[in-house]
Amino acid sequence: MMQISNNSVVSIAYTLTNDEGQVIDTSAGGAPLVYLHGAQNIIPGLENALVGKQIGDKLKVTVAAGEGYGEYRADLVQVVPKHLFAGVDTIEVGMQFHAQTDYGMQVVTIAAVEGDEITVDGNHPLAGQTLHFDVEIVEIRAASQEELEHGHVHGEGGHHH
């Protein structure tokens, strides 16, 4: 029986909840999540918990913020002038944009709109949260050479970049 290890292509059925038990994301009713183990395709806390597991294994994994999407960082929140969003007719809380930052290109979320001042948040929406995964291992296979070279899983019939 194959076990999950680096360079395995793993399919998992999962439900992700927060500390209050609210469902944040789930594969229920859809296709399982397929990822390349050891290529940092999923958060470290979940990836580490899956090492050595086999098809059919079910587990509950609690991932602290530091092993998930990171601690919430106040320094990633800033107020910027509205003119930086030239060409955008309506700016609303919750909208996301790609922004060039000191850390390279990253996604920022609009946190507040007050007149000509726009508050943007560069934290991942799940930063600072403890995450709870309910996981079942659906499939495990060896990665193809092309998948290893590209660092991610390719779908049926090959991958198109």
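Select Phe85 and Phe97 to begin: Phe85 is buried, and Phe97 is buried as well, where buried means under 20% relative accessible area, exposed over 50% and partly exposed in between, with a 1.4 Å probe and protein chains only. What you have open is a predicted model, in which local features need pLDDT of at least 70 and side-chain atom pairs count only at pLDDT 80 or more, while totals for chains, interfaces and linings use all residues. Residues are numbered from 1 along each chain as its sequence is written, and side-chain values use heavy atoms, with hydrogens and water left out.

Stay with these two rings for a moment. A search of the whole structure finds one aromatic pair. The ring centres of Phe85 and Phe97 lie 5.1 Å apart and their planes meet at 65 degrees, so the pair is edge-to-face; rings of Phe, Tyr and Trp (its six-membered ring) pair if their centres lie within 6.5 Å, and planes under 30 degrees apart count as stacked, over 60 as edge-to-face and the rest as tilted. The pair links distant parts of the chain, 12 residues apart, with Phe85 in the loop between β5 (77–81) and β6 (96–101) and Phe97 in strand β6. Helices (H or I, at least four residues) and strands (E, at least two) are DSSP runs, numbered from the N terminus.

Next, select strand β8 (residues 117–121), where four of the five residues are buried. Five bridges join β5 to β8 in an antiparallel arrangement, and Pro81 stands opposite Glu117 in β8; two strands pair if DSSP finds at least two bridges between them. Strand β7 (residues 104–114) is also joined to β8 by five bridges and runs antiparallel to it, with Ala112 opposite Thr119. Between β7 and β8, which form a hairpin, there are two residues, and Gly115 in the turn has a positive phi of about 65 degrees.

Now colour the largest nonpolar core, which has 19 residues, and among them Ile12, Leu46, Leu50, Phe133, Val135 and Ile137 touch the most other members. A nonpolar core is a set of buried Ala, Val, Leu, Ile, Met, Phe, Trp, Tyr and Cys residues joined through side-chain atoms within 4.5 Å. The elements giving two or more residues to this core are β1, α1 (44–50), β4 (58–63) and β9 (131–142), and β9 gives the most, with five residues. A second, separate core of eight residues includes Val80, Phe85, Ile118 and Val120.

Move to Ser11 in strand β1 (residues 8–17), which is buried with a relative accessible area of 7%. Leaving aside neighbours within four places in sequence, Ser11 is in contact with residues including Pro32, Val34, Glu136 and Val138, where contact means heavy atoms within 4.5 Å.

Then select His154, in the segment after α2 (145–150), which counts as buried because its relative accessibility is 7%. Its side chain makes a polar contact of 3.2 Å with the side chain of His150 and another, of 3.4 Å, with the side chain of His152. A polar contact is a pair of N or O atoms within 3.5 Å; within protein, one must be able to donate a hydrogen and the other to accept it, and residues adjacent in sequence count only if both atoms are side-chain atoms.

Finish by colouring on pLDDT, the predictor's confidence in each residue, from 0 to 100. The mean for the protein is 93, and 96% of its residues reach 70 or more. Over residues 157–161 pLDDT stays under 50. Where pLDDT is low, the predicted coordinates should not be read in detail.
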